Every structure is written in C-alpha cells, then in structure tokens.
Amino acid sequence: MMTVQPAHRISEVKEYYFSKKLREIDEMRQQGVQVINLGIGNPDRPPHTKVLEELNKTSSEKGNHGYQSYIGIPELRNAFSQWYLQYFNIELDANKEILPLMGSKEGIMHISMAFLNKGDQVLIPNPGYPTYASVSNLVEAEMITYDLEEELNWQPDFNKLEKLDLSKVKLMWVNYPNMPTGANATLELFNKLVTFGKKHNILICNDNPYSFILNDQPLSIFRVEGAKDICIELNSLSKSHNMAGWRVGMVAANEVFIQYILRVKSNMDSGMFKPLQLAAAHALNLDKTWYDEINSEYYQRRELAWKIMDMLNCTYHKEQSGMFIWAKIPDSVESAEQLSDFILNNAHVFITPGSIFGTQGERYIRISLCSTKEVLQQSIEKIKQLPIKTKSTEQA
Ligand SMILES: Cc1ncc(COP(=O)(O)O)c(C=O)c1O
C-alpha cells in the first residue's frame, strides 16, 4: 500500500515536549494517581470582570458575528497604542505600527514566514522558548543557537556573537523578561541589541509577553532610539491579563515591516471575533491596580515555589520576572530530567526540566506560578515525603 509522506519541513519538528508529558500525566491520572502539574505557564485566574461583561454584552449584539478585518478593529489597535504609551512610554501609530495577533505565538510564525527564506540563518537563544526553533525548522531556515549564561545574567555574550560569521544571519530572537530564566530586560541590553542589529543588518525580534508579571517596570525595546529601524516586538494579553485561551496578542514594528507581516497573516486567517477584540480593548484600558492585584498573588505563590526549590537543594535568584521560578539543581543530581522524573514518579508532582529549553538548561528546573497557593502547599507536602537529603537533614 502506498502511504502519503509528510513534507520534509516537518521531519525536524518533534512533538511539543509538553503535549507528550501531558499525555503521560493523563495516563497516570486514568490509573487513579493524583498528579499536580507545576509545568505549564497557563494563568489559572480569570480576566477582570469588566472584560467578561464586555464579552457577554457584545457577543449577544447583532452584527458582531461576521468576518473581521485582517488588521483588527480600530478600538483594539487604539487600545494597544494607548497601552504602550501608558506603560512603556512608547508612541506607536495605531493605524500603521500595530497589528493585533491571535497570541504572540502565531507572530513567531508570521514573522519567520515574512522574513526568512530557505537557508537564511536565524539566531536562537539557548535556553529559550522552543517555538523559535520549531518555527525556524518549519520555514527551513538554518538555526544558529547562542548561549545564555547565568554568569552574564542570561544575556547574550556579544563578544562571542561578534566572532561568528554573521553574513547569512537575517533575524535574531530575543525574549526579555526572559523565559525560562526570569532574567529581566535592561535598557543597556536593549541598546546593545539595537547596535548589534544595525551593525550587521539583523532583524531583532523581542518577544515580550512577560513584561507585567513580577515586574513593576515594563520595558520595550523601542525605548532605544532608532530601534524601529531594525526591531520588532511581540506582546500578548495571555499572561498580563489572564487571557491565554482568548488568543490575543500583537506585533509592533515600523510600517514597512507590519505590511510584510500582514501579507502573511491576511492569507492565513480571516480576522478575530469582534466581541473578543472589544473585550481585549477593555482589558488594555485597565488601570495599574489590575497588575498590582495579579502580582500580589504571584508574589505569595513565589514564596511557596522557593520553598520547593529549597527542599530540592536548588539555587536560584530571587529577583526573577515572569511567571516561573528557574533554579539550578545541586551537583549531586545526575540531570534535570532525572530529577523531574523522580519527583513525578514518586511525589506525583510535575516540574519542568530545563533541558527542554536547550542544552544550557540541562542543570536547571522550572516551576510555574500558575497553581493556587493550596496546590503549591500540597506539592510541598508531597515532596517532603521524598528521600532527598536536605542541608538541614545532613547536618542533623
Ligand atoms: C517566551 C514566550 N513567547 C511566546 C509565548 C506565547 O504566548 P501567547 O499566548 O501570546 O501566544 C509564550 C507562552 O508560553 C512564551 O513563553
């Protein structure tokens, strides 16, 4: 029997680690094991009530159910523009420099399709969000990974980058505040990135969905003068507004870059449900108390996640941003995957091994703050039962 073969482009793309792990967790649950998942960064709390009210109201209005424009409704583009002005102190032209997206993840694909030809090189952070690599594979670009090191506070080593042959590099993915390491953005870093991009004619794409989580000073790469000539920034309501399932994000760039991206996007979807866009505009108009309120919960959860890391003898920086805690495993442990599997199989708590984000994550683990304090406390109780030598038991 003849079988239809898939395209070459998918041969390099593996099943997303989490989808495999979730299947394993599901199987354990079907066998009656209660598993706690501290892996995925999927906000568990609802959006603001005003946002939900707006969705309810507008979705029962006639005339809101048809196809929508590819560039998003003006209310949403204006709200994104105002949001950038209010919180990032950046002026973006709502008509020309903002394109609403269905989450920032699709932006990674659209940008790659818009700018990369087969064989073009792309710089990808290690550790980093796995989608940069899988999308680069899908568009048949050639990946060059650049290491992020704890010693450099997980920032690129520009001396090393300058030593590479950059002649074929067209695009560089950066992500600050950084996932998975929690390293925050600095203006100094953004300055260096813009200088580097301009010097080598490399498009710098900053993926910025974590700017409001455990961080009081959201920073955009566009704070650097002249950044619009060479940079693109992605943003999202998934984490900042507890709206991950709604799929609302945006890309900001100069008018020309937006037009390139739009050429891809307008051939892939037919606009976003209007009530969802209206409600998202409402979310963007919320005042600072919204962010203070969600962060006060994350600060409390972080204390519990630190406790887990302490019990596992892991070391970590306390000033991380974003919705995860990233910590180094002790030398006595063979690998992060081995530690993660040991905790899953014996305490029935899933913690992400850093290795899924690249080789630079091999000695790290990551705990998500998207579980309630009660669930984190339960995890502490379960992990307490494990035969792990803690510093205090060693001394006793
Ligand atoms: C670094 C990073 N970029 C992008 C995304 C995608 O977010 P969105 O929901 O906006 O597509 C995630 C989600 O986990 C992420 O961690």
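**Ligand site and sheet at a glance**

A nitrogen atom of the ligand sits 2.5 Å from an N or O atom in the side chain of Asp 207, which is a polar contact (a pair of N or O atoms within 3.5 Å). The protein covers 91% of the 400 Å² of accessible area that the ligand has on its own (Shrake-Rupley method, 1.4 Å probe). This is a predicted model, where local features need pLDDT of at least 70, side-chain atom pairs count only at pLDDT 80 or more, and totals for chains, interfaces and linings use all residues. Residues are numbered from 1 along each chain as its sequence is written, and side-chain values use heavy atoms, with hydrogens and water left out.

**Around the ligand**

- Asp 207, Tyr 210, Ser 236, Ser 238 and Arg 247 come nearest of the 14 residues around the ligand (a heavy atom within 4 Å).
- A polar side-chain atom of Tyr 210 is 2.7 Å from a ligand oxygen atom.
- Arg 247 has a side-chain N or O atom 2.7 Å from an oxygen atom of the ligand.
- Helix α4 (residues 103-115) gives the largest share of the shell, three residues (helices are DSSP runs of H or I, at least four residues; strands are runs of E, at least two).

**The sheet**

- Seven strands form an open sheet in the order β2-β8-β7-β6-β5-β3-β4, with mixed pairing (strands pair if DSSP finds at least two bridges between them).
- β2 (98-101) and β4 (142-147) are at the edges with a single partner strand each, so one side of each has no neighbour in the sheet.
- Strands β6 (residues 203-207) and β7 (residues 231-236) run parallel, joined by four bridges.
- Cys 205 has Ile 232 as its bridge partner in β7.

Definitions and conventions. Polar contact = N/O pair within 3.5 Å; in protein donor to acceptor, adjacent residues only side chain to side chain.
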